[in-house]
Amino acid sequence: MRKFEKSVKLNNVCYDIRGPVMDEANRMIARGEEILKLNIGNPAPFGFKAPDKLIEIMSGNLTHTEGYSDSKGIVSAREAIKEYDDKKGIPNVSIDDIYTGNGVSELITLSMQGLLDYGDEILVPSPDYPLWTASVTLAGGTAVHYVCDEQAGWYPDVKDIEKKITPRTKGIVIINPNNPTGALYPKEILEEVVKLARMHDLIIFADEIYDRLVMDGKKHTSIASLAPDLVCITYNGLSKSHLIAGYRVGWMSISGDKSNAKGYIEGIKLLSSMRLCSNVPAQSLIAPALEMLDETEKLVEPGGRVYEQRECIVNLLNDIPGVSVVKPEAAFYCFPKLDMKKFNIHDDERFALDVLRDKKILFTHGGGFHYETPDHFRIVYLPEMDVLKEAGKKLGDFLATYRQID
């Protein structure tokens with residue numbers, strides 16, 4: 001009998017779906033050990049609550065949302081998304097170009113399945129949100145990772161992107177604001193990416209789920225607004241900005257000149273219909289939620305919880321000898337760097353396991369985001385400040401004597 005392993009092969013490297021670090025954390029939890037989870041962007045465990053008004057609206061709509069909706073979503077939700085896209089300057093979007101989903105993750109997978117044949121290539125950032133690489137690979141394509149440059153604020157290296165375009169390249173993924181780095185890309189960088197996409201007839205896949213969690217008075221620019229002549233698919237949702245990750249509310253909008261993408265769009269329609277529809281009660285939240293942005297804005301202003309926790313974690317990390325971090329401008333992640341020589345780091349997964357076992361802190365190593373050099377890890381800074389301070393102290397104590405053995 002053939003043995004089936006719980007792993008997938010990505011770019012000739014085999015990754016366990018759960019991963020040894022998560023497996024070990026689960027074993028420790030099963031033994032009754034308390035783990036501080038700084039590994040996943042889930043606001044709920046850290047005391048963040050959905051706005052009461054949203055909960056009331058969803059509860060009140062339950063009896064009106066018991067059947068399937070149109071496979072693309074209820075009309076009121078798509079009309080609200082179109083209005084939001086209009087405000088962002090995303091061109092040529094009708095409600096028929098909008099698809100709701102059970103979170104953005106489902107829609108990323110759907111859009112890759114509709115596009116890729118075996119051997120087709122998609123340019124994906126490194127570091128990336130790993131679902132992108134997995135979705136490309138599972139659809140039969142090849143994820144080609146382009147460099148995001150830490151020295152340049154984690155912005156995409158446009159020259160590296162250009163070098164990696166081949167006749168098999170079908171599109172480019174832009175994650176902005178970025179997970180895992182928290183970078184917010186300036187308009188000038190986005191314009192350079194658009195030029196390359198235009199030159200090589202590439203589809204732009206814009207993951208913008210964190211566009212409402214931007215700090216320091218900065219403004220998010222949607223790359224689709226700069227590319228009215230190109231096919232762009234923009235992904236967004238409510239999981240992060242409205243603190244309802246478990247409700248699974250996402251959407252994607254197909255914009256620009258779609259005249260040469262009719263076959264692809266038909267494929268997306270078919271795949272959307274095959275899953276019948278996304279969560280209908282959750283769809284009922286989209287229109288009111290997009291009118292309720294004040295509470296999100298308060299989180300990322302000075303004095304707001306996300307803003308102050310970012311300030312806290314950045315200072316804590318930069319105060320640890322041998323650790324540095326580029327200050328994130330958006331979302332609630334940072335991607336610290338370890339001094340490889342000081343700590344003799346050559347295996348970032350082992351480092352994450354060592355911290356987990358010794359200090360009971362769980363985070364994701366850089367390799368989990370397809371970052372090749374083993375000297376980074378991602379921290380989710382959602383816990384309250386006293387918890388972050390304790391975690392920072394424990395990490396500092398751990399690194400004071402840590403050195404990996406060859």
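Q: Which strand pairs with S17, and in what sense?
A: This is a predicted model. In it, strand S16 (residues 364–365) pairs with S17 in the antiparallel sense, over two bridges.

Q: And what is the bridge partner of His365 in S17?
A: The partner of His365 is Phe377.

Q: What about strand S13?
A: Strand S13 (residues 333–334) also pairs with S17, again antiparallel and over two bridges. Here Cys334 has Ile379 as its bridge partner.

Q: Are the faces of S17 buried or exposed?
A: Both faces are covered. Phe377 and Ile379 are buried on one side, and Arg378 and Val380 are buried on the other.

Q: New topic. How many cavities of 30 Å³ or more are there?
A: There are two.

Q: How much space lies in the largest cavity?
A: About 60 Å³.

Q: Which residues line the largest cavity?
A: Ile379 is one of them. The lining also includes Leu38, Ile313, Phe363 and Leu395.

Q: Which helix gives the most to that lining?
A: H15 does, with three residues. Helix H12 (305–318) supplies at least two.

Q: What classes of residue are in that lining?
A: Eight are nonpolar and one is polar. None is charged.

Q: And the second largest cavity, how much space is in there?
A: About 40 Å³. Among its lining residues are Tyr84, Asp85, Lys88, Glu208 and Trp251.

Q: Where does the largest share of that lining come from?
A: From H3, with three residues. Strands S10 (232–237) and S11 (250–255) each supply at least two.

Q: How do the classes divide there?
A: Three nonpolar, three polar and three charged.

How values were computed. Residues numbered from 1 in each chain as written. Predicted model: local features only at pLDDT ≥ 70, side-chain atom pairs only at ≥ 80, totals over all residues. Heavy atoms only, no water. Buried < 20%, exposed > 50% of the residue type's maximum accessible area, 1.4 Å probe, protein only. Helix = DSSP H or I, 4+ residues; strand = E, 2+ residues; numbered from the N terminus. Pairing = 2+ DSSP bridges. 1 Å grid on protein atoms, 1.4 Å probe; cavity = no way out; pocket = protein on both sides within 12 Å on 5 of 7 lines; lining within 4 Å. Points joined across faces, edges and corners; volume = space filled by probe spheres on them. Nonpolar A, V, L, I, M, F, W, Y, C, P; charged D, E, K, R; others polar.
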